[in-house]
Amino acid sequence: MSDSVPEAEADAVPEVVPEAEPTYDPAAPAPLNVDRTPSGNADVDAQLGRLADTDHLATDGHVEVYEDVHRGLRDALTALDARPGPPAPPSTYGNRS
(Lines give C-alpha, C1' and ligand atoms only; values in the text may rest on other atoms or scores of the structure.)
Protein backbone atom coordinates (compact mmCIF):
# COMPACT_ATOMS: atom_id res chain seq x y z
CA MET A 1 0.00 0.00 0.00
CA SER A 2 1.28 3.45 -0.87
CA ASP A 3 1.04 6.50 1.38
CA SER A 4 0.99 8.92 -1.53
CA VAL A 5 -2.18 10.62 -2.69
CA PRO A 6 -3.33 9.77 -6.19
CA GLU A 7 -2.87 12.62 -8.67
CA ALA A 8 -6.59 13.00 -9.34
CA GLU A 9 -7.30 13.77 -5.67
CA ALA A 10 -4.25 16.02 -5.26
CA ASP A 11 -5.31 18.28 -8.14
CA ALA A 12 -8.93 18.57 -6.95
CA VAL A 13 -9.96 22.10 -5.99
CA PRO A 14 -12.30 22.39 -3.02
CA GLU A 15 -15.74 23.61 -3.98
CA VAL A 16 -16.28 27.26 -3.12
CA VAL A 17 -19.72 27.98 -1.79
CA PRO A 18 -20.73 31.62 -2.38
CA GLU A 19 -21.93 33.41 0.73
CA ALA A 20 -25.58 34.30 0.71
CA GLU A 21 -26.16 38.01 0.35
CA PRO A 22 -27.86 39.52 3.37
CA THR A 23 -31.48 40.24 2.75
CA TYR A 24 -33.23 43.30 4.09
CA ASP A 25 -35.67 42.46 6.84
CA PRO A 26 -37.78 45.49 7.77
CA ALA A 27 -38.84 43.78 11.01
CA ALA A 28 -35.25 43.24 12.16
CA PRO A 29 -33.97 45.44 15.00
CA ALA A 30 -32.23 48.58 13.77
CA PRO A 31 -30.86 51.59 15.65
CA LEU A 32 -33.14 54.61 15.57
CA ASN A 33 -30.17 57.00 15.86
CA VAL A 34 -32.16 59.49 17.91
CA ASP A 35 -30.02 62.08 19.67
CA ARG A 36 -30.54 62.16 23.42
CA THR A 37 -29.65 65.50 24.94
CA PRO A 38 -28.81 65.29 28.66
CA SER A 39 -31.40 67.01 30.84
CA GLY A 40 -29.13 67.63 33.82
CA ASN A 41 -31.28 65.43 36.07
CA ALA A 42 -29.61 62.06 36.72
CA ASP A 43 -32.92 60.17 37.08
CA VAL A 44 -34.32 61.57 33.84
CA ASP A 45 -31.06 61.00 31.96
CA ALA A 46 -30.99 57.37 33.11
CA GLN A 47 -34.51 56.85 31.76
CA LEU A 48 -33.67 58.53 28.46
CA GLY A 49 -30.59 56.32 28.20
CA ARG A 50 -32.84 53.29 28.65
CA LEU A 51 -34.51 54.19 25.34
CA ALA A 52 -31.33 52.97 23.61
CA ASP A 53 -32.43 49.42 24.50
CA THR A 54 -35.03 49.65 21.74
CA ASP A 55 -32.22 49.75 19.16
CA HIS A 56 -31.60 46.04 19.76
CA LEU A 57 -35.18 44.82 20.10
CA ALA A 58 -37.77 43.84 17.57
CA THR A 59 -40.65 46.28 17.28
CA ASP A 60 -42.94 44.22 19.50
CA GLY A 61 -40.40 44.61 22.33
CA HIS A 62 -40.46 48.41 22.21
CA VAL A 63 -43.72 48.73 24.15
CA GLU A 64 -42.23 47.20 27.29
CA VAL A 65 -39.26 49.59 27.20
CA TYR A 66 -41.46 52.63 26.50
CA GLU A 67 -43.79 51.74 29.37
CA ASP A 68 -40.81 51.25 31.70
CA VAL A 69 -39.30 54.60 30.68
CA HIS A 70 -42.67 56.34 31.05
CA ARG A 71 -43.06 54.88 34.53
CA GLY A 72 -39.55 56.02 35.47
CA LEU A 73 -40.09 59.55 34.15
CA ARG A 74 -43.40 59.79 36.00
CA ASP A 75 -41.65 58.65 39.21
CA ALA A 76 -38.89 61.23 38.68
CA LEU A 77 -41.48 63.99 38.30
CA THR A 78 -43.36 62.80 41.38
CA ALA A 79 -40.11 62.84 43.35
CA LEU A 80 -39.55 66.45 42.32
CA ASP A 81 -42.99 67.38 43.67
CA ALA A 82 -42.37 65.51 46.94
CA ARG A 83 -39.14 67.37 47.79
CA PRO A 84 -39.61 70.16 50.26
CA GLY A 85 -39.10 73.49 48.62
CA PRO A 86 -37.60 76.58 50.16
CA PRO A 87 -39.52 78.04 53.06
CA ALA A 88 -42.14 80.62 52.21
CA PRO A 89 -40.95 84.19 52.71
CA PRO A 90 -42.23 85.90 55.85
CA SER A 91 -45.21 88.11 55.46
CA THR A 92 -44.32 91.80 55.46
CA TYR A 93 -47.79 92.88 56.49
CA GLY A 94 -47.84 91.28 59.92
CA ASN A 95 -51.01 90.21 61.62
CA ARG A 96 -53.31 93.25 61.68
CA SER A 97 -56.66 93.20 63.30
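**Entry 1**

I note at the outset that the model is predicted.

**Entry 2. Helix 3, buried side**

I then asked which residues of helix 3 are buried. They are His62, Val65, Val69, Gly72 and Ala76. I checked how these are placed around the axis: they span an arc of only 100 degrees, so they lie on the same side of helix 3. I recalled the general rule here: an α-helix has 3.6 residues a turn, so residues three or four places apart point the same way. I also looked for what lies over the buried residues of helix 3, and the cover includes helix 2.

I looked up the dimensions of helix 3 as well. Helix 3 holds 21 residues, and the distance from its first C-alpha to its last is 30 Å. That is close to the 30 Å expected at 1.5 Å a residue.

**Entry 3. Packing of helix 2 and helix 3**

I next examined how helix 2 (residues 42–50) meets helix 3 (residues 62–82). Their axes come within 9 Å and cross at roughly 175 degrees. Angles over 145 degrees count as roughly antiparallel, and helix 2 is therefore roughly antiparallel to helix 3.

I listed the residues that make this contact. Helix 2 contributes Asp43, Val44, Gln47 and Arg50. Helix 3 contributes Val65, Asp68, Val69, Gly72, Leu73 and Ala76. By class, the residues of the contact comprise five nonpolar, two polar and three charged.

**Entry 4. Gln47**

Is Gln47 buried or exposed? Its relative accessible area is 18%, and because buried means under 20%, Gln47 counts as buried. I set aside neighbours within four places in sequence and found Gln47 in contact with Asp68, Val69, Gly72 and Leu73. Val69 and Gly72 are among the buried residues of helix 3.

**Entry 5. Arg74**

I turned to Arg74, also in helix 3. Arg74 is partly exposed, at a relative accessible area of 42%. I looked up its C-alpha separation from Val44, which is 30 residues away along the chain, and read 9.5 Å. Val44 is one of the residues that helix 2 brings to the contact with helix 3.

**Entry 6. Asp55**

I moved to the loop between helix 2 and helix 3, where Asp55 lies. Asp55 has a relative accessibility of 12% and so counts as buried. I asked which residues Asp55 touches, not counting those up to four places away in sequence. These are Pro29, Ala30, Pro31, Leu32 and Arg36. For Pro31, I also looked up the C-alpha separation from Asp55: the two atoms are 4.2 Å apart, although the residues are 24 positions apart along the chain.

**Entry 7. The chain as a whole**

I closed with the overall values. The chain has three helices and zero strands, and its elements run α-α-α from the N terminus. Of its 97 residues, 10% count as buried. Among contacts with a separation of 6 or more, 38% come from residues 24 or more positions apart.

Methods: Residues numbered from 1 in each chain as written. Predicted model: local features only at pLDDT ≥ 70, side-chain atom pairs only at ≥ 80, totals over all residues. Heavy atoms only, no water. Axes fitted to C-alpha atoms, helices over the stretch in contact; angles between N-to-C directions. Helix = DSSP H or I, 4+ residues; strand = E, 2+ residues; numbered from the N terminus. Parallel < 35°, antiparallel > 145°, perpendicular 65-115°, else oblique. Contact = heavy atoms within 4.5 Å. Nonpolar A, V, L, I, M, F, W, Y, C, P; charged D, E, K, R; others polar. Expected span 1.5 Å × (residues − 1). Buried < 20%, exposed > 50% of the residue type's maximum accessible area, 1.4 Å probe, protein only. Arc of directions from axis to C-beta.
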